[in-house]
Amino acid sequence: MFFHIENKGRYPMKRIIAVLMAVTICFITSSVHAQEKILMYSDDGHSITIAYNKVDEYKNAGWHTDKSEVTRVMYAADGSEITVYLAEVPDYIADGWFENKTDILKTLYTTDGQSITVFLSEVRNYLDNGWYDSIDYVTRTLYSPDGETVTLFLSQVPEYLDNGWHEDIGEVTTLMYAPDGSERYVFLADTKAYGIMGWSTDIRDVQREMFALDGRKITVFKADVEAYKNVGWYEVQTSEIDPSKPMLALTFDDGPSSVTTPVVLDTLEYYGARATFFVLGSMSKNNTSLLKRMSQLGCTIGNHTYGHPDLKKLSDKNIKSQFTRTDDIIKNAVGFEPTIIRPPYGSYNQRVMQAGEKPFILWSVDTLDWKYRDAEYVKNHVLNNARDGAIILMHDIHASTAEAVKSIVPELLARGYQLVTVDELAMHKGYTLESGKSYASFR
Ligand code: NI
């Protein structure tokens, strides 16, 4: 074959030899490569020399070709370093070495805002010399009344405290309640704005008591009042009187009675209603605690004489005595004299009014409760004759009346009447009560 080629003369021998050598080198090289050895390392520091074509097999068994893959640099608390095999790492950790350099560094702070990063081994010494290992220990958040907050280093705190900042957020905030019952801590500077929106620091200001005609009473948030009204609940009367809404005065004569008057007062208190009691001195002297309770409930106490005489038949001197003896008892009980009078039997004349020296209050609705002694009758009479500005006459010494009041009060409130005292009624209807005059209603 060689010769054949040579004969052709197209491939000189020199060139053939070069080609053959190249092929040979190539063959030798590949066979040498197959025979090449390589060093591999294990996690525990062993090494092994293997044939190149076994590398993958060893890698799968956990050996590494790069020595750095089986070692790790570890750090001591004093900053020293050591390179160990992976297999040794747990032992070193157990001896207090760390895998990450950041683990042996600690940033320390001073109260005036300096910071320094030191090795763990130095920390103790720094802590003993006024450094702190948490920025939380050297800073404090302060609050201003208008809601600003600032976080300062401790060295700056006194100056800020002197300038009206506070360390305790409780000192610059207050809990407020919304009409819908939600609550929130509000900065003092914001309480006025919240107040305009109907919020209050007193939860009672955003609540209303409501009652049902069957006697149930509940406390609801203002925002819910209308919804409750739509399902048959009524607002308990508040002390504020709305002059645009109807109002009338319930009046009770001849008491107080230790038996029946408390029942009337209980009802008034329950519904937040008020009334006027024209008391007798003879009945009051042993029931001063009832006078006190009337006064506490916002009721008015009027003078109905001491012994319930027909004043027209008395001398001026005796008329005055009937009133002054009663005034003294009332004043001793509640601290002030009555300012209004109701003459027994509605019997009076100019001379009696002059002796009384106070406005005389009569009535526009006479229930005749003393005569009928029937709760249902009294109730119907009051409800049928209730009018804006009316003064209704009853007697709190009768059990039937006390019983009637239990349903009269909620029914009148349900009908929209404000149950006020005689003097409140006069004032809101534009009357100025005068001595020597009598009044039967305020329309
Ligand atoms: Ni009377």
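1. Phenylalanine 277 touches Phe252, Thr261, Val264, Leu265, Leu268, Met294, Cys299, Thr300, Ile301, Gly302 and Asp396, leaving aside residues up to four places away in sequence. Contact here means heavy atoms within 4.5 Å.

2. A word on the basis of these values. This is a predicted model, in which local features need pLDDT of at least 70 and side-chain atom pairs count only at pLDDT 80 or more, while totals for chains, interfaces and linings use all residues. Residues are numbered from 1 along each chain as its sequence is written, and side-chain values use heavy atoms, with hydrogens and water left out.

3. Now the core. Phe277 is, with Leu250 and Leu412, among the residues with the most contacts inside the largest nonpolar core, which has 39 residues. A nonpolar core is a set of buried Ala, Val, Leu, Ile, Met, Phe, Trp, Tyr and Cys residues joined through side-chain atoms within 4.5 Å. Buried means under 20% relative accessible area, exposed over 50%, and partly exposed in between (1.4 Å probe, protein chains only).

4. Which elements each supply at least two residues of this core? They are β14 (247-253), α10 (261-271), β15 (276-279), α12 (288-296), α13 (316-334), α16 (375-385), β19 (391-395) and α17 (399-414). The most comes from α17, with seven residues. Helices (H or I, at least four residues) and strands (E, at least two) are DSSP runs, numbered from the N terminus. Another core, of 13 residues, lies apart from this one and includes Ile241, Ala249, Val422 and Phe442.

5. On to charges: the structure holds 22 salt bridges, each a side-chain nitrogen of Lys or Arg within 4 Å of a carboxyl oxygen of Asp or Glu. One of them pairs arginine 208 with glutamate 235, the closest N and O atoms being 3.5 Å apart. Because arginine 208 lies in strand β11 (residues 207-211) and glutamate 235 in strand β13 (residues 234-235), the pair ties together parts that are 27 residues apart in sequence. Glutamate 235 is partly exposed, at 29% relative accessible area.

6. Another bridge worth a look joins aspartate 388 and lysine 429 (2.7 Å, N to O). This pair links distant parts of the chain, 41 residues apart: aspartate 388 sits in the loop between α16 and β19, and lysine 429 in the loop between α18 (422-428) and β21 (438-439). Aspartate 388 is partly exposed, with a relative accessible area of 33%.

7. Finally, a network: Arg208, Glu226, Lys229 and Glu235 are joined by salt bridges that share partners.
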